[in-house]
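Please look over the sequence and the model shown here. The paragraphs that follow go through selected local features one by one.

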Amino acid sequence: MRDEYLTDTHQLVSAAVVVGAEGTPASDLAVGWAAEAAAQRKRTLVIAHGMNLYPARALLAYGQLVDEASATLRRHGERVLAAARRIAREVDPHLAVETALSDDSGAKLLIELSKSAHLVALGAAAGGSLSHLGSSLLAVTSHGHGAIVAVRESSTGQGIRHSGPVVVGVDGSRSSDTAIAAAFAEAAERETELVAVHAWSDLAFADYAGTAFVDVPVADLEAIEQAVLAERLAGWQEKYPDVPVVRKMYPASPRKHLLEWSETAQLLVVGSRGRGGFRGLLLGSTSNALVQHARCPVMVTHTK
């Protein structure tokens with residue numbers, strides 16, 4: 001059993017819950033979610049906003065214009081942080097709240113803060129698409145440290161879902177081991193059940209036909225993969241005996257099944273890369289798809 005997620009700096013008492021604020025409906029939702037998490041865990045909430053001043057400075061030729069642009073962006077950032085602070089105070093008037101205003105981009109600021117944060121949350125706009133590949137959302141989930149949460153409202157459009165299980169994707173990789181650790185901790189914190197979803201291939205089931213893969217009987221494959229799942233969960237079930245665990249096995253298409261579970265889950269937890277991921281790829285295809293399209297908050301965990 002790997003314990004690296006639960007013993008690193010992200011779990012120190014001093015580690016804050018960090019949330020990115022942009023003044024948009026998606027980021028406002030993330031601020032509320034992060035405030036709830038910080039209040040429940042008795043942690044400080046740090047609300048962060050990146051002004052991204054450097055492009056403005058590079059484009060403007062005159063010092064006076066640079067100063068004016070910088071002052072305008074700073075005033076906007078201060079207003080965004082003030083509004084986000086009010087949202088957090090509505091969740092808990094006694095919550096310890098700090099703010100961070102940086103010249104850097106929001107993505108760079110959140111990635112830096114993630115090195116020591118308990119977790120980092122940021123809003124995910126509805127209807128994610130491939131056009132988001134260059135966005136702050138995917139930059140932070142790809143390059144961040146520890147746990148990064150993409151917060152999106154439920155499929156009903158009624159804000160954040162507070163009921164339902166914590167669902168974790170398990171594929172036997174080191175990355176999913178870290179996700180399992182985080183998922184058990186989250187399920188215990190939320191006093192809810194944990195659903196462990198294991199699909200042992202990215203192929204669609206129909207793709208098995210005509211491949212060498214069918215040389216192994218499906219029943220034998222299922223037995224092997226059940227053993228893999230049991231081994232990955234065993235130590236954590238001992239550590240969290242009060243967390244009910246439901247195991248779900250599928251022969252293929254992990255993203256399809258995890259997306260279906262996101263319709264009823266209150267949190268989806270996945271590793272940043274699966275066992276089929278290319279070396280050097282910072283965000284696996286399944287994690288990428290879930291960050292953009294899941295219908296509940298998605299926690300992406302990173303190994304040290």
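**Rings, helix packing and loops**

Phenylalanine 184 and tyrosine 240 are both buried, where buried means under 20% relative accessible area, exposed over 50%, and partly exposed in between (1.4 Å probe, protein chains only). The model is predicted, so local features need pLDDT of at least 70 and side-chain atom pairs count only at pLDDT 80 or more, while totals for chains, interfaces and linings use all residues. Residues are numbered from 1 along each chain as its sequence is written, and side-chain values use heavy atoms, with hydrogens and water left out.

One aromatic pair is found in a search of the whole structure. Phenylalanine 184 and tyrosine 240 form this pair, which is stacked, with 5.8 Å centre to centre and 20° between the planes. Rings of Phe, Tyr and Trp (its six-membered ring) pair if their centres lie within 6.5 Å; planes under 30 degrees apart count as stacked, over 60 as edge-to-face and the rest as tilted. Phenylalanine 184 lies in helix 7 (residues 174-190) and tyrosine 240 in the loop between helix 8 (218-239) and strand 8 (245-250), so the pair ties together parts that are 56 residues apart in sequence. Helices (H or I, at least four residues) and strands (E, at least two) are DSSP runs, numbered from the N terminus.

Helix 7 also holds threonine 178, which is buried at a relative accessible area of 2%.

In the loop between helix 7 and strand 7 (194-199) lies glutamate 191. Glutamate 191 is not a glycine, yet its phi is positive, about 55°. With 74% relative accessibility, glutamate 191 counts as exposed. Lysine 42, in the loop between helix 2 (25-41) and strand 2 (45-50), has a positive phi near 55°. Lysine 42 counts as exposed, at 74% relative accessibility.

Helix 5 (residues 106-113) packs with helix 6 (residues 136-143) at an angle of about 25°, the axes being 9 Å apart. Ala107, Leu110 and Ile111 of helix 5 meet Ser136, Ala139, Val140 and His143 of helix 6, contact meaning heavy atoms within 4.5 Å. The residues of this contact comprise five nonpolar, two polar and no charged.

Key:
Axes are lines fitted to C-alpha atoms, for helices over the stretch in contact, and angles run from 0 to 180 degrees between N-to-C directions. Ala, Val, Leu, Ile, Met, Phe, Trp, Tyr, Cys and Pro count as nonpolar, Asp, Glu, Lys and Arg as charged, and the others, Gly among them, as polar.
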